[in-house]
Amino acid sequence: MRHDRLLAYAMILPVVAAVLAFVVGPTYNVATLSLTKVVMGMERGFGTFDNFRALTADPVFWLVMKNTAIWILGGTVLCVTVGLAVGTFLALDSRLTGWLRALILLPWVIPDVVTAMAWKWMLHGQVGIIGQTLQDTGLTDRPISFLGDPQLVMWTLVVVLIWRKMPLVALILCAAIRSVPDDQLEAARMDGANAWERFRFVTIPNIAFSLTAVTVISMIWITAEFALPWIMTGGGPANASQIMATYIYQQSFEFFNWGVASAMSVINLLMLVSIVALYLYINRRSWASEGSQ
Amino acid sequence: MTKAITRRSFLGTTAVASIAALAPLRASAASGELSVWKFGGTPTEVEQWAARNEAFAAANPDIELNYSYFNGQIRRQKILAGFQTNRLADVIVAFGQDIPEFVGFGMVQPLDDIAGDRIDGWKERVVPEVLESGMHEGKLYGLPTYVDMASFLAVNLDALEEAGFDRPPATWEELREYARAMTKPDRPGIAFPATTAPVDINIFEGIAYANGGRIYDEETNKVTLNDPGVVDALQLYVDLIADGSTPQATSLTETFFRDTAQLFGQGRSAMWIGLSWLNTPWGVNDDVRWTGVPFPRPETPTGSFDPVAAIMDPTAILMVSSRAENPEAAVEYLDFWSQDAQLEIWGGQPEVARIPAGKAAWDNAELAETWPKWVEAYEAGTLFEGAAPMPRFIGVSAIEAALGTAIQEAVLGQKTPQQALDDATSAAQTQIDLIRG
């Protein structure tokens with residue numbers, strides 16, 4: 001028995017070491033750096049809240065918070081909602097959906113940089129095919145600069161994000177929907193439940209575990225996404241699409257302002273942990289019941 | 001069995017052993033591994049640089065050259081990461097604007113300390129004003145291969161003649177008049193890039209500095225983005241938009257310099273504002289006749305500082321890392337790039353997009369053919385007259401980022417130029433105070 005326990009510890013040791021080295025270590029470094037005054041690239045004293053004070057005094061930071069909320073919450077809600085709708089459609093048995101299940105992964109496998117550049121050009125106000133098509137069909141008087149208009153840019157980025165991230169969400173949910181027991185759906189039908197009621201009261205509870213998992217994973221993916229917004233807009237115009245990821249990058253690698261960048265990373269981490277914890281708490285029943293099956 | 005050691009064999013063996021022991025020391029003056037990172041450059045330049053590296057390798061068989069090319073936009077991230085992880089290349093080919101920060105952070109070392117005997121040769125071969133752009137606080141930190149200057153105007157000659165003009169505009173007032181007259185429903189009279197890309201900001205800085213503006217005053221440690229010289233330059237951008245002479249404002253903020261150049265090259269705008277290279281790296285359609293001229297001047301400069309003729313920066317300057325493990329080989333590499341054969345790349349053989357650093361490059365007929373006015377001015381000794389370096393100091397990126405935001409806010413009509421630059425000054429001052437302590 002004791003031998004088994006030692007063996008078990010030995011077997012998880014590499015994973016524990018990797019987590020310590022690649023997660024706990026850097027997190028600790030960032031946390032200490034956020035409380036350190038950094039001047040001209042040199043650390044000048046630990047134990048200060050100057051970096052956090054500088055952040056709260058920075059008007060761009062509050063804009064960044066607002067944009068990040070749109071990016072993470074808007075992106076996650078839409079990604080999961082659209083993914084659920086598409087996943088439900090893909091769960092139907094037909095030759096078309098069989099093909100679509102394979103094709104839908106295309107946006108997922110294209111590299112971020114290629115995706116960003118392609119969308120940037122398609123959405124461009126002067127040469128973009130999307131604006132030109134809208135104008136040619138008479139839907140708009142003149143081409144629209146989706147990425148140059150501060151009113152449109154953030155939501156345009158969210159749309160591209162959904163195009164990129166939604167396919168995998170849809171496939172995961174499709175697999176979950178297809179595993180819902182037929183007898184439950186049949187029983188509901190015999191009891192007179194219509195299609196919406198069967199979906200709401202039979203399918204959704206059955207896929208709650210998967211739904212929770214993809215929501216949390218999507219939120220983490222979207223929070224970590226950097227290349228798409230940076231390449232498409234660089235945070236512009238006038239910071240209208242500046243989000244946490246891009247502003248942290250700008251503070252770190254353009255301004256060499258590592259203390260402030262670390263403070264922002266800490267806030268970003270706390271925000272993400274809080275949202276995920278709240279979400280898991282709200283969904284604790286489905287999470288616990290499915291997890292124990 | 002014993003073997004007697006004779007005097008002759010002893011001396012012979014000792015001599016061979018001494019040569020073997022000393023040989024690596026003697027060769028170490030220019031041998032071993034040498035890593036080089038180059039950032040940015042036109043397509044021709046990138047191709048040529050790699051080709052000349054082969055010549056360097058052939059001429060220095062004891063040096064194992066490890067050359068890597070990266071996009072210019074990621075240079076600060078790459079160099080910083082390399083420095084922090086002790087994996088910085090021996091030689092960095094980056095921008096002159098980076099020098100103060102790299103020096104401040106201890107990333108590069110003064111060449112005076114390691115290349116003393118070579119610097120006289122560099123002075124003989126490199127145009128003094130250009131070599132000066134590698135200096136910081138009285139020391140030489142980089143060997144420039146060329147400079148870019150700001151700001152310039154590309155003009156479509158057919159559009160100019162159609163509008164009834166026989167010469168390009170020379171003043172800001174004329175520029176507005178020309179742009180209005182050259183505007184057609186499907187072709188704006190003028191376009192300028194207004195993204196937050198550093199080059200787009202450099203283009204604007206060229207206009208503001210010529211109007212007596214500055215973005216930072218090192219003597220007082222004050223951000224001066226709201227100096228009248230800068231505000232009025234931004235007002236010119238806003239006026240051009242208000243005149244209806246430009247593409248939509250929202251389009252300007254998403255179109256950076258290279259895209260603007262391509263639109264001009266396709267005949268989709270009659271003029272555009274750029275750096276000294278204008279369209280030369282990318283060309284223009286066969287049916288587009290064009291010329292490049294210095295950007296028009298304000299009638300009366302309004303800034304608090306001396307107006308400059310132009311601002312310039314060496315955007316391929318060779319620096320030696322402070323952690324270079326093989327400084328001898330690094331200096332050998334710099335010396336190789338100071339030779340006429342290499343510097344002539346930018347004398348029109350084959351690159352015509354830059355202002356060459358090599359004195360000999362200015363004798364090339366190709367350069368005179370493409371840029372006759374430059375060559376004339378160089379020969380008259382006036383090309384660099386009144387020119388100043390592009391902004392370079394610790395924290396320059398933070399101020400330029402704030403300026404980029406202000407330009408976009410004004411262009412989009414969110415704020416007046418004065419409001420936008422007042423806000424930018426305040427934000428940038430906070431950043432500068434944090435960075436500089």
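User: How is a helix or a strand picked out here?

Analyst: Helices (H or I, at least four residues) and strands (E, at least two) are DSSP runs, numbered from the N terminus. Take B:Leu175. B:Leu175 sits in helix α9 (residues 172-182) of chain B.

User: What should I know about the model and its numbering?

Analyst: The model is predicted: local features need pLDDT of at least 70, side-chain atom pairs count only at pLDDT 80 or more, and totals for chains, interfaces and linings use all residues. Residues are numbered from 1 along each chain as its sequence is written, while chains are lettered from A and ligands numbered from 1 in the order in which they are written.

User: Is B:Leu175 buried or exposed?

Analyst: Start with the rule. A residue is buried if 20 or more other C-beta atoms lie within 10 Å of its own, exposed if 12 or fewer, and partly exposed in between; C-beta atoms are placed from the backbone. B:Leu175 has 25 other C-beta atoms within 10 Å, so B:Leu175 is buried.

User: Which residues is B:Leu175 in contact with, leaving aside its neighbours within four places in sequence?

Analyst: Two residues are in contact if their C-beta atoms, placed from the backbone, lie within 7 Å. With those neighbours set aside, B:Leu175 touches B:Pro169 and B:Pro296. Now look at B:Asp113. B:Asp113 is 62 residues from B:Leu175 in sequence and 49 Å from it in space, C-alpha to C-alpha.

User: How many helices and strands are there in chain B?

Analyst: Chain B has 19 helices and 15 strands. Its C-alpha atoms fill a box of roughly 105 × 50 × 35 Å along the principal axes. Of its 437 residues, 51% are buried. Take the contacts in chain B with a separation of 6 or more: 75% of them join residues 24 or more positions apart.

User: How do I read strand pairing?

Analyst: Two strands pair if DSSP finds at least two bridges between them. In a regular strand the side chains alternate between the two faces of the sheet. Look at strand β1 (residues 32-39) of chain B. Six of its eight residues are buried. Eight bridges join β1(B) to strand β2 (residues 63-70) of chain B, and the two run parallel. B:Ser35 is opposite B:Asn66 in β2(B). From β1(B) the chain passes through helix α2 (residues 43-59) of chain B to β2(B), in a right-handed β-α-β crossover. Right-handed means that, with the strands pointing away from the viewer, the path from the first strand over the helix to the second runs clockwise.

User: Which other strand pairs with β1(B) in the parallel sense over three bridges?

Analyst: Strand β3 (residues 91-94) of chain B. There, B:Lys38 has B:Val93 as its bridge partner.

User: How do I describe two packed helices?

Analyst: Axes are lines fitted to C-alpha atoms, for helices over the stretch in contact, and angles run from 0 to 180 degrees between N-to-C directions. Helix α10 (residues 198-210) and helix α11 (residues 228-242) of chain B pack at about 120°, with axes 8 Å apart. Angles under 35 degrees count as roughly parallel, over 145 as roughly antiparallel, 65 to 115 as roughly perpendicular and the rest as oblique. So α10(B) and α11(B) are oblique to each other. Among the residues making the contact are B:Phe204 of α10(B) and B:Leu236 of α11(B).
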